[in-house]
Amino acid sequence: MVDVPLDTFGGLPPPEVPDVDLYHPKSWVTKYVFSQDAKVIAIQYSATAMSIGLLALVLSWLMRLQLGFPSIFSFIDATAYYQFVTMHGMMMVVYVLTALFLGGFGNYLIPLMVGARDMVFPYANMLSYWLYLLAVVILLASFFVPGGPTGAGWTLYPPQAILSGTPGRDWGIMLMLISLIIFIIGFTMGGLNYVVTVLQARARGMTLMRMPLTVWGIFTASFMALLAFPALLVGAVMMLFDRLLGTSFFMPSLVEMGEHLSYGGGSPILFQHLFWFFGHPEVYIVALPAFGIVSDLISVHARKNIFGYRMMVWAILAIGALSFVVWAHHMYVSGMNPYFGFFFATSTLIIAVPTAIKIYNWVLTLWRGNIRLTLPMLFALAFIVTFINGGLTGLFLGNVVVDVPLSDTMFVVAHFHMVMGVAPVLAIFGAIYHWYPKVTGRMLDETLGRIHFWITFLGAYLIFFPMHYLGLMGVPRRYHEMGEMAFVPQSAQTLNAFITVMALIVGTAQMVFFFNVVWSYFKGKPAGHNPWEAASLEWQTPETPPPHGNWGRELPVVYRWAYDYSVPGAASDFVPQNQPVASRPASDEDR
Amino acid sequence: MSSIILFLVVIGTIGAWWLSKQRLMAKPWLEEGIHGGFPGLESSPVPASKIGLGIFLAVVGALFALLISAYSMRMQMSDWRPVPNQTMLWPVTGLLVMSGAALEWAKVAARTRDLEALKAALVAAGLFALAFLAGQLLVLRRLTEVGLVLTNNPANSFFFLIIGLHGLHILGGLVALGRTIYKTHRTRDPDRLRLSVSLCATYWHFLLAVWLVLFALLTGWAEDFVAICRQLLT
Ligand code: HEM
Ligand SMILES: [Cu+2]
């Protein structure tokens with residue numbers, strides 16, 4: 001078994017690894033397809049997730065076309081609309097963002113950033129990707145089964161999810177649940193790798209408090225995901241039982257088309273608890289890696305150490321812990337005990353504190369920094385702005401009295417797209433522009449990048465800002481058509497058409513990015529080992545792109561944290577983590 | 001949702017205890033060099049797979065804690081008719097205990113480098129575990145025979161679901177155990193198997209503990225306990 005040699009490392013990897021102990025791929029297939037190298041797995045994860053992302057984007061176009069120009073596209077009827085909403089939401093949240101941040105960035109960056117040769121369980125890591133791919137294939141298969149994919153909304157609330165009025169009730173919902181179950185099993189294999197690699201495979205000298213915040217973010221998020229996903233698993237299994245075998249875990253007694261169904265007594269609220277026990281942490285599973293990445297981008301491109309590193313770490317941990325006790329804020333309208341409502345509203349607002357700390361620290365890091373407005377920096381700044389924006393509307397929605405009238409309006413759609421749609425995507429783009437040179441050895445093209453940035457950033461605001469306004473007017477979400485709603489003025493329709501046009505433009509502009517990624521791979525400017533002059537370990541590999549095993553014969557030794565920029569008195573404006581401590585002229589202190 | 005919260009508190013406490021030893025108060029910007037505090041130098045290193053198993057067990061624990069939460073929430077609905085006591089579950093539980101005991105024996109055999117005993121112990125553990133699974137199936141068969149099928153009451157549904165999910169975890173364990181048995185036939189040196197054997201044993205004991213909790217839940221003792229907890233909470 002391949003994971004054996006690494007087992008013998010114990011807590012402290014020996015500096016040198018005999019060649020035989022490194023797992024060596026034997027053929028093209030084991031090198032690039034069934035690869036156990038975390039870097040290849042990372043690319044596989046990212047490519048798959050981005051393809052799904054494109055599909056989800058197209059689905060959002062179709063929805064927008066219907067909303068902006070109702071009843072022009074006859075194939076987008078109410079059924080199709082619900083299916084698009086559902087698949088778009090579920091794909092984006094689970095199959096794109098989670099997979100990209102943890103499976104993609106986690107796999108690539110964790111071993112390199114902590115100075116390991118690879119993940120600790122490479123075989124499980126490989127299985128993780130292939131299970132993910134299987135889950136994706138099953139999910140996509142639901143587009144081709146009779147009845148099409150499920151239209152239950154990404155929250156999949158029973159009872160409607162499995163009643164005959166809901167699109168995809170026959171096959172779609174089952175494929176969705178099975179796909180989720182497989183995804184979770186696959187993720188668990190990957191997640192164990194990410195966590196244990198951070199715990200056990202760090203290079204000598206890499207204390208936890210010397211790890212870059214990216215690693216802290218991904219580490220905490222992985223741990224949270226490991227504990228949160230089981231809730232979705234339990235919910236999915238139980239719903240599958242209800243659908244397939246006729247149990248009544250979630251299904252109350254119902255009359256459908258004049259016929260009494262065999263279900264009885266079940267509790268739909270129970271599913272909501274399970275779903276949101278996963279669903280809320282999920283928001284932070286996406287956000288924490290983004291936080292970490294943005295911290296690192298800001299620090300590197302402002303040539304300053306991150307302000308309040310310790311506080312940043314504590315804030316990540318605090319957010320991670322708190323996010324497990326706020327789930328019911330998604331259920332304010334489900335008729336809960338007001339005291340619970342109060343508890344959950346309070347805990348929700350408390351999360352704002354560590355989050356705000358992070359934002360202050362980013363701003364203070366930028367303060368008087370030597371800011372280089374590179375592409376990663378632009379995206380990082382855009383992330384901060386967008387996150388603040390979405391966070392502020394989140395404070396509105398966290399209050400029961402405000403949430404009740406706004407619940408299920410476009411205001412909510414605007415809010416969550418800001419915090420967990422646009423913001424993480426901006427962080428992902430920033431990260432790609434930042435680490436692409438390490439992955440390929442070439443820079444992404446600057447001009448194309450800037451075009452991509454400005455269209456994406458401004459465009460996202462043009463799409464989602466007006467939605468707040470629509471929501472305040474009372475335009476409901478998940479509505480295929482507005483119909484006769486006296487309270488919605490005609491002008492709302494004009495606004496909707498505008499949003500749709502912007503969505504088409506922004507979506508199309510992403511082609512610039514993909515073109516750039518492909519073009520630069522062949523023709524981009526050679527990047528060298530460390531184009532950004534960054535101090536963290538992944539930029540100090542002897543070869544770029546890093547080969548299998550990452551570090552050549554000898555593992556790095558870490559002498560300092562990852563943020564030594566503009567150190568007074570240092571020779572250059574950054575000091576790599578693995579640079580030995582300069583032998584100062586002997587002073588009294590040393591003797 | 002109280003049992004999952006309780007579980008998270010336990011996990012959180014372990015996490016906090018671990019973090020408290022990680023020098024989170026350190027000021028990394030002031031510390032240069034490799035002095036002090038990096039893992040594994042002074043303390044005895046724990047193999048990665050042990051840590052991995054520990055975290056995996058936390059995941060499995062969360063899964064069952066959530067199931068128990070769901071169980072106790074669903075139980076409060078008016079249509080709940082508890083499953084009559086299944087005395088068969090007692091001897092079946094005994095089989096799982098035996099299986100775990102055999103693995104303890106295997107651990108000793110691996111430590112004393114007794115390859116033959118090791119092989120026997122591992123096979124015995126596997127057989128006991130298989131017998132346990134068969135016993136569970138038999139219990140479920142009996143239930144269906146007296147008309148308590150999966151669908152006719154939520155209590156039955158949970159009974160089947162919980163036993164099924166627990167059984168799946170045992171099956172997964174059997175795969176790992178099978179691999180270990182396979183390895184005993186390929187090596188002459190039991191020392192190399194010590195880690196695998198002890199991982200199997202840990203997993204088995206954990207599943208036994210989970211089973212005991214589930215057993216208590218399914219036979220209704222846990223109900224009284226849950227009732228007390230609920231009173232304490234309200
Ligand atoms: C150009 C980008 C995007 C556009 C134009 C867009 C548009 C939309 C639209 C029109 C809806 C349906 C609103 C309704 O009728 O209720 C929707 C729902 C949703 N979107 Fe997006 N979206 C985009 C990106 C994203 C991203 C990156 C995420 C990742 C988190 C995301 C997550 C969701 C979710 C979770 C839903 C709710 C699905 C449901 O109600 O079940 N979207 N989006
Ligand atoms: Cu939430």
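Leu349(A), Ile388(A), Leu392(A), Leu395(A) and Phe396(A) make up a nonpolar patch on the surface of this predicted model. Together these residues have about 400 Å² of accessible area. Helix α11 of chain A, residues 375-397, contributes the most to the patch, with 4 residues.

**Nonpolar patch**
- Leu395(A), one of the patch residues, sits in helix α11 of chain A.
- The relative accessibility of Leu395(A) is 35%, so this residue counts as partly exposed.

**Ligand 1**
- The shell around ligand 1 has 22 residues, and those that come nearest are Tyr81(A), His88(A), Trp154(A), His417(A) and Arg478(A).
- By class, 13 residues of the shell are nonpolar, 6 are polar and 3 are charged.
- Three helices of chain A, α3 (38-68), α4 (78-114) and α13 (410-440), each supply at least two residues of the shell.
- Helix α4(A) has the largest share, with 7 residues.
- A backbone N or O atom of Trp154(A) is 2.7 Å from an oxygen atom of ligand 1.
- A polar backbone atom of Arg478(A) lies 2.5 Å from an oxygen atom of the ligand.
- For Arg477(A), an N or O atom in the side chain is 2.8 Å from an oxygen atom of ligand 1.

**Buried side chains in helices of chain A**
- Leu102(A) belongs to helix α4 of chain A.
- With a relative accessible area of 0%, Leu102(A) is buried.
- The C-alpha atoms of Leu102(A) and Ala225(A) are 9.6 Å apart, while 123 residues separate the two along the chain.
- His452(A) is part of helix α14 of chain A, residues 446-473.
- The relative accessibility of His452(A) is 0%, so this residue counts as buried.
- A polar contact of 2.8 Å joins the side chain of His452(A) to the side chain of Gln510(A).

**Backbone geometry**
- Pro158(A) and Pro159(A) are joined by a cis peptide bond, with omega at about 0°.
- The loop between α5 (122-141) and α6 (172-200) of chain A holds Pro159(A).
- Another cis peptide bond, with omega at about -10°, joins Thr544(A) and Pro545(A).
- Pro545(A) is in the segment after α15 (491-523) of chain A.
- Asn550(A) also lies in the segment after α15 of chain A, and has a positive phi of about 65° although it is not a glycine.
- Asn550(A) is buried, at a relative accessible area of 1%.
- Arg303(A), not a glycine either, has a positive phi of about 50°.
- Arg303(A) is located in the loop between α8 (268-301) and α9 (309-322) of chain A.

**Salt bridges**
- Over all chains, the structure holds 11 salt bridges.
- Side chains of opposite charge can pair when their charged atoms come close.
- Arg303(A) and Asp573(A) form a salt bridge through their side chains, at 2.9 Å from N to O.
- This pair links distant parts of the chain, 270 residues apart: Arg303(A) is in the loop between α8 and α9 of chain A, and Asp573(A) is in the segment after α15.
- Arg303(A) counts as buried because its relative accessibility of 1% is under 20%.
- Asp573(A), at 24%, counts as partly exposed.
- In chain B, the side chains of Glu104(B) and Lys107(B) form a salt bridge at 3.5 Å, N to O.
- Both residues lie in helix α3 of chain B (residues 89-111), 3 residues apart, which is about one turn of the helix.
- Glu104(B) is partly exposed at 31% relative accessibility, and Lys107(B) is partly exposed at 24%.
- Lys119(B) and Glu116(B) also meet in a salt bridge, at 3.9 Å from N to O.
- Lys119(B) and Glu116(B) are 3 residues apart in helix α4 of chain B (residues 115-145), so about one helical turn separates them.
- Glu116(B) is exposed, with a relative accessible area of 54%.
- In chain A, salt bridges that share partners join Arg303(A), Arg372(A), Glu533(A) and Asp573(A) into one network.

**Chain B overall**
- Chain B has 7 helices and 0 strands.
- Of the 234 residues in chain B, 50% are buried.
- Along the principal axes, the C-alpha atoms of chain B fill a box of roughly 70 × 50 × 25 Å.

Conventions: Residues are numbered from 1 along each chain as its sequence is written. Chains are lettered from A and ligands numbered from 1 in the order in which they are written. This is a predicted model: local features need pLDDT of at least 70, side-chain atom pairs count only at pLDDT 80 or more; totals for chains, interfaces and linings use all residues. Side-chain values use heavy atoms; hydrogens and water are left out. Patches are made of residues with over 30% relative accessible area and no salt bridge: like charges are joined within 9 Å, nonpolar side chains (Val, Leu, Ile, Met, Phe, Trp, Tyr) within 5 Å. Accessible areas come from the Shrake-Rupley method with a 1.4 Å probe; for residues, only the protein chains shown count as cover. A salt bridge is a side-chain nitrogen of Lys or Arg within 4 Å of a carboxyl oxygen of Asp or Glu. Buried means under 20% relative accessible area, exposed over 50%, partly exposed in between (1.4 Å probe, protein chains only). A residue is near a molecule or strand if one of its heavy atoms lies within 4 Å of it. A polar contact is a pair of N or O atoms within 3.5 Å; within protein, one must be able to donate a hydrogen and the other to accept it, and residues adjacent in sequence count only if both atoms are side-chain atoms. Ala, Val, Leu, Ile, Met, Phe, Trp, Tyr, Cys and Pro count as nonpolar, Asp, Glu, Lys and Arg as charged, and the others, Gly among them, as polar.
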